[in-house]
Amino acid sequence: MFTQWLVKPGAPQYLWVLAVLGDFLILGGALFFLLRMVPSRFRKTLVAIVTFGAGLIYSVEFFVPVPAGKDGNFLTNFAQKTVTDVVLVLSTFALGLGIYSLLRFHGRNLTRMRPGWHNSLALYVAFFAMLLTGFWSMMSKAPAAANTFDVLFRGTVAAPGATMFSIIAFYIVSAAYRAFRIRSAEATLMLAAAFVVMLGSVPIGEYLTSGLPVTGFWSNFRMENVNLWILKEPNMAAWRGISFGVEIGALAMALRTWLSLERGSFFEREL
Amino acid sequence: MEHANIPIAVLEAVLVFLILYKIFSARRGRQLYIRRIPGLNAIDEAIGRATEMGRPIMFSPGIRPLDLPTLQALSILRHVTKIAAKYGTRVIVPTCDSVVYTIAEEISKDAYNSEGRPEQFNPDDIRYLSDDQFAYASGCVGILTREKVASSLMFGAFFAEALILAETGHNVGAMQVAGTPSTTQIPFFITSCDYTIIGDEFYAASAYLSREPTLLGSLVGQDYAKAVLIIVVLLGIVIASIPWLNHHYPSLLTLFSKT
């Protein structure tokens, strides 16, 4: 908003970054100051009004019919774009606090030389390396800038992420071993169902019952069809039952939050 | 974006009415009964275990930004922190979102204050780890192993990292209680945790723990709403299964269609 007044189109990128940061500080500071000015007895009401107004946008947007041939109603664009942008700006304010927390915690580890301080040092080095190369690649058109950022991202962010994801395969084995131990009638039933589903999903399972006809009554007993039946009928029924409960619970919680009926659940003291 | 058709709008209005009616009747002082949920009772047991062992508790509020499951997780965090503060037990809260981090810090501070132990609050125990799913998971694994946590509580929305957290907790010998509305992660938690709160029990947690009339009323309203949904499902089955009805009253089936 103010950024476009302060910086002319075509200005260097660092000026835009500085202007946006300035915007954040000025607007955020003004908003914070105004909120502090509101007497504490009205603050609760103010928060309730803002919450209700924000929720109302989405409720009305959902219930107002969409004109024929259009993708949304008169509120869709506002709810999707403007409100989402506001939420993004608010989240960005909090991101700074999150980073501050991270650096404060690891800074203390470093200065007090707590056990594992070298991990905190690694965090600092990685943090500033990514930050500086990120800005460098954003502001410079030199291939070295983009390449350095790319190498760092692929080598130090993407690769460990993929490694963590792949570890899940091993954890699934150990979890499955415990789950499939026969301890009760339910566990036995689950073991049998899992055995059929696993067998029905691999070629050897299909091969075992390939002698049965493809159509007619006996085709129901082909392993791939039994597998499909377990997944689509009893499994889906249970899944939908759980989902109904979850969605009703979410609706109730959304109502309580929207109408500010839930305040006591989070804080004891007054705002 | 999805929009409501007329049958959905009517159904939604009925569900909202039932929930609000029960909330306001509970606020007027009507006594309501809710059944025992063992998983929620186990939270106190988990805090007690950590206190006896003199080790901390890890509370993970999931990896989603501030949405309904995370809000529910934060209300459970308040309950956990209040009891832990009473016994002088540390609660470490690793977060995956900066907004959730700021709210979790305020909730913890408030819980210690309300128990008259403000000096016990340690800001370093509420940690923002990373927005990245697996970076967060590895951070939690580090906390579970380095801090030797006695109890691990996982409430909120989880995805693929659920099993990493739960299996590591199991390996370090922590007592684990999990609650999630993420249906795909429920099997992993059931396998690896001592107690798992599934489905709508997750949203019943704050009512069960606080016994606050508004929340109890909402819980009973949810049960009525579920009864309405069951009736709608049964009606749909009957209408779809009787050919005569479909033939003579085809508009009946359109009540249950998406458009």
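In which loop of chain B is the place of B:Arg211? B:Arg211 sits in the loop between helix H8 (201-210) and helix H9 (213-241) of chain B.

## Basis of the description

This is a predicted model, in which local features need pLDDT of at least 70 and side-chain atom pairs count only at pLDDT 80 or more, while totals for chains, interfaces and linings use all residues. Residues are numbered from 1 along each chain as its sequence is written, and chains are lettered from A and ligands numbered from 1 in the order in which they are written.

## Chain B as a whole

The secondary structure of chain B consists of 11 helices and six strands. Helices (H or I, at least four residues) and strands (E, at least two) are DSSP runs, numbered from the N terminus. The C-alpha trace of chain B spans about 70 × 45 × 30 Å along its principal axes.

Of the 259 residues of chain B, 50% count as buried. A residue is buried if 20 or more other C-beta atoms lie within 10 Å of its own, exposed if 12 or fewer, and partly exposed in between, with C-beta atoms placed from the backbone. Among the contacts in chain B between residues at least 6 apart in sequence, 71% join residues at least 24 apart. Two residues are in contact if their C-beta atoms, placed from the backbone, lie within 7 Å.

## Domains

Chain B is divided into domain 1 (6-31 + 213-254) and domain 2 (38-210); such bounds come from an automatic or database domain assignment. The C-alpha centres of these two domains of chain B lie 33 Å apart. Five residues of domain 1 of chain B are in contact with five residues of domain 2 of chain B. On the domain 1 side, this contact has three nonpolar, two polar and no charged residues. Here Ala, Val, Leu, Ile, Met, Phe, Trp, Tyr, Cys and Pro count as nonpolar, Asp, Glu, Lys and Arg as charged, and the others, Gly among them, as polar.

Chain A is divided into domain 1 (115-170) and domain 2 (180-243). The C-alpha centres of domain 1 of chain A and domain 2 of chain A lie 44 Å apart.

## The contact between the chains

The contact takes 56 residues from chain B and 51 residues from chain A. On the side of chain B that touches chain A, helix H4 (residues 98-114) of chain B gives the most, with eight residues. That side of chain B divides into 28 nonpolar, 18 polar and 10 charged residues.

By class, the contact of H10(A) with H3(B) has five nonpolar, two polar and no charged residues.

## Two helices in detail

In H3(B), 18 of the 20 residues are buried, so this helix is largely enclosed by the rest of the structure. The 20 residues of H3(B) should span 28 Å at 1.5 Å a residue, and the end C-alpha atoms are 29 Å apart, which agrees. The expected span of a helix is 1.5 Å times one less than its number of residues. H3(B) is followed by B:Gly88, whose phi is positive, near 70°.

H4(A) has 36 residues and reaches 51 Å from its first C-alpha to its last, close to the 52 Å expected at 1.5 Å a residue. Buried residues in H4(A) include A:Gly98, A:Leu102 and A:His106. The buried residues of H4(A) pack against H5 of chain A together with H4 and strand S3 (126-128) of chain B.

## Individual residues

Most residues other than glycine have a negative phi. A:Met113, in the loop between helix H4 (76-111) and helix H5 (117-139) of chain A, has a positive phi near 50°. A:Met113 is exposed, with 10 other C-beta atoms within 10 Å. Phi of B:Arg211 is also positive, near 55°, and B:Arg211 is exposed, with 11 other C-beta atoms within 10 Å.

B:His170, in helix H6 (residues 161-171) of chain B, is buried, with 21 other C-beta atoms within 10 Å. Leaving aside its neighbours within four places in sequence, B:His170 is in contact with B:Gln176 and B:Ser192.
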